[in-house]
Amino acid sequence: MLSRRQFFTITLIMLVLLFLFQSTSVMKDQWNEYGINEYAEALTSGMTGDNEYQIDLSLQEAQEYGFVLFVGDEEESAAGARAREWCSYTKRSFLGTLSLEDYAAQTSHCPEVILIDSDWLSLPGDVVLLEEYAAQGVTVIFMTLPEAEIVAQNQELMDFLGIDEVRQTSIHVAGIELYNGFLLGGAALYVAEDEEEEEEKQDMDLDVPWYITRSATKVYMVGRISEEDDPEGEIDYEYYPSVIWRRSTGAGYVFAVSGSYMEDVAAIGILNAMMYETEDYLLYPVVNAQNLVFTNFAAFSSEADERMNVLYYRSQKAVFRDLVWPGILAVWLQTEDIPTLFLNPKLDYESGEEPDAERLIYFLKLIRENDGEVGLTTWQLSDLELSEKLSEDMVFYEGNVPDYEFHALYVDEENEEKISGILEEEALEGVSTLLLEVNAEENVLGYESDNVTWQRATADGFSHTYSDNLRVRSLETALGYSTILVDLDRVVEAESEEDSWEKLSEDFSSNVGTYWKSYSAFEKTSVTESDARIRQFLNLSYEETREGEVIHVSLENLYEEAYFILRTHNEEIESMEGGTYEMIEEGAYLLTLTQEEAVITLKAETNSFYYNN
């Protein structure tokens, strides 16, 4: 039996604990500045499209500067678009020609790199010209190859490419294997283990020419022979169909890509990896931004109640509060990403329903507690004019969080062509960046106007195919950039259990927690922070030289910090002035440059010349 003193002591302790918990909750709520965008200060004035690095050269200018020559139709071909994009991101000057012979007739000046769309290759005359350029140290890259039948009929071309034999003009392989050391993230084997994985992930072109390359070539990606074509497992790796390879010509290098891998954004990372393979080190600028984005978070109205009640036995608001939000939060805590949510106050602007202001404040507080950012979205279920829809949204926000600065706008594919016409309207005056949907055939970053950038999502959070994985590796290699897009309109418009949040959240949690682990050195950012880094990346210009173990870097248009990747062959960094560095993986470093002049010193004892045979 308790004495009065014991009872009093226990009661006092319970009251103290109750007070502490309640006061902590009250103070946490009072100190939550949910009405302010903490990332607004990330934007730096002066970083506009007026200062963007320009890559185009005239033929006359090309004779004075190093440059990349593209042979093909840069306006119409996918390879041409990727060539321009790569030059823009790596600060290389660009010159295009429809005819290598015409270019050679006009000037004797050698480009540093020749990129070729084989549709514009003239055989056999162009092969003779390319041999002459390669003999002078020019790197030649076949972004596409002629049909295998044409290759097999041109011995000069086969010799130049390092092809020993065209065993078959087409073979169906079991999958694709990427070798270690080419793209960041290591080796990858894109071979399905069962029918389910085949259906869900295998989207690569498995019908490839069977090129057997010579022993002097270096192969980076191959097709894996199926059991049907090699039941006894007797075919050696060296005889597997080469997909990406390199031949040394003595002074220069010849790279070849079999298939369409250079026609989407994977090309820019592959090109960087090729440049790395031609030098003893490679230094290039990157964005250094990893975004996790949730679009169309529709927790503030009831237009989808009927569908939600069928699937979840809950209202639309309850689904987002009780199911979607906890699933999102679990991934944030797992990955430590900085979340950006694009909110939908309403879905149907003809319904007459007013969005729930209390629910807005509730979620803004939760988002701020998790260091998140909020943006606007163009998506809706009604047909209201886009400018009117966004104006209505801003009236709602300004009436409840008048000081919140909305800098990011999600633009769904249907509205991409419309958005430029309304950027000057009052409702969007604070918008500084547009987030666009995943599209592997379009550029990743750029300026929409002098004051507004666009950044494209690079991965769908709900699915991750083998092609998606190769693109992730490529874009991390080229840009240190990734935006995982989790589009919640699938929850709103769900029609079956396949689109239920339980199934979708399981998929995106698994994808996000798995495929980006190799790139943890790159920083987690909100979309507005990413915008600031993209501006710095697009506007930056630089020069670098090496003397012995010391690399000197000079920057122009540096505002605060610029980021670079340094890839070396068997060399380590000993020290750095003018910035800091962090290892990404063996032989690859992320550099943060804070001054216009930087010096990187490599360790002399590990310094070894990279010899390409």
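**Spaces, sheets and a helix pair**

Let's start inside: about 60 Å³ of space lies in the largest cavity. Before I go on, this is a predicted model, so local features need pLDDT of at least 70, side-chain atom pairs count only at pLDDT 80 or more, and totals for chains, interfaces and linings use all residues. Residues are numbered from 1 along each chain as its sequence is written, and side-chain values use heavy atoms, with hydrogens and water left out.

Okay, how do you find a space like that? Rolling a probe the size of a water molecule over the atoms shows where empty space is left. Here that is done on a 1 Å grid over the protein atoms alone: a cavity is a set of points where a 1.4 Å probe fits but cannot get out, while a pocket is an open set with protein on both sides within 12 Å along at least five of seven lines. Lining residues have an atom within 4 Å of a point. Grid points are joined across faces, edges and corners, and a volume is the space filled by probe spheres set on the points.

How many cavities of 30 Å³ or more does the structure hold? There are 4. Around the largest one you'll find V265, V438, N439, A440, E442, N443, V444, R456, A457, T458, R471 and L475. That lining has 6 nonpolar, 3 polar and 3 charged residues. For those classes, Ala, Val, Leu, Ile, Met, Phe, Trp, Tyr, Cys and Pro count as nonpolar, Asp, Glu, Lys and Arg as charged, and the others, Gly among them, as polar.

Next, the second largest cavity, with a volume of about 50 Å³. Its lining is P285, V286, R533, Q536, F537, L540, E561, A562 and Y563. Two or more of those residues come from each of β12 (281–286), α18 (527–539) and β24 (562–568). Those labels are DSSP runs numbered from the N terminus: helices are H or I with at least four residues, and strands are E with at least two. Which element gives the largest share of this lining? It's α18, with 3 residues. By class we get 6 nonpolar, 1 polar and 2 charged.

Now the open spaces. The largest pocket has a volume of about 900 Å³, and of its 30 lining residues, K91, R92, E112, Y542 and E544 are the closest to its centre. At least two lining residues each come from β12, β22 (541–547) and β23 (550–556), and β22 has the largest share, with 4. The classes here are 12 nonpolar, 9 polar and 9 charged.

The second largest pocket holds about 620 Å³ of space. Of the 31 residues lining it, D205, S258, G259, S260 and Y261 lie nearest its centre. β8 gives the most to that lining, 4 residues, and the classes split into 12 nonpolar, 8 polar and 11 charged.

On to the sheets. Strands of a sheet pair through backbone hydrogen bonds, either parallel or antiparallel. Two strands count as paired if DSSP finds at least two bridges between them.

If you click on L434, its bridge partner in β19 is W454.

β25 and β28 (597–602) run antiparallel and share 4 bridges, with I573 opposite L602.

Last, the helices. The axes of α11 (316–335) and α17 (501–514) come within 10 Å and cross at roughly 10°. Axes are lines fitted to C-alpha atoms, for helices over the stretch in contact, and angles run from 0 to 180 degrees between N-to-C directions.That makes α11 roughly parallel to α17, since angles under 35 degrees count as roughly parallel, over 145 as roughly antiparallel, 65 to 115 as roughly perpendicular and the rest as oblique. The contact (heavy atoms within 4.5 Å) is made by L323, V324, G327, I328, V331, Q334 and T335 of α11 and W501, F508, S509, V512 and G513 of α17. Those residues divide into 7 nonpolar, 5 polar and no charged.
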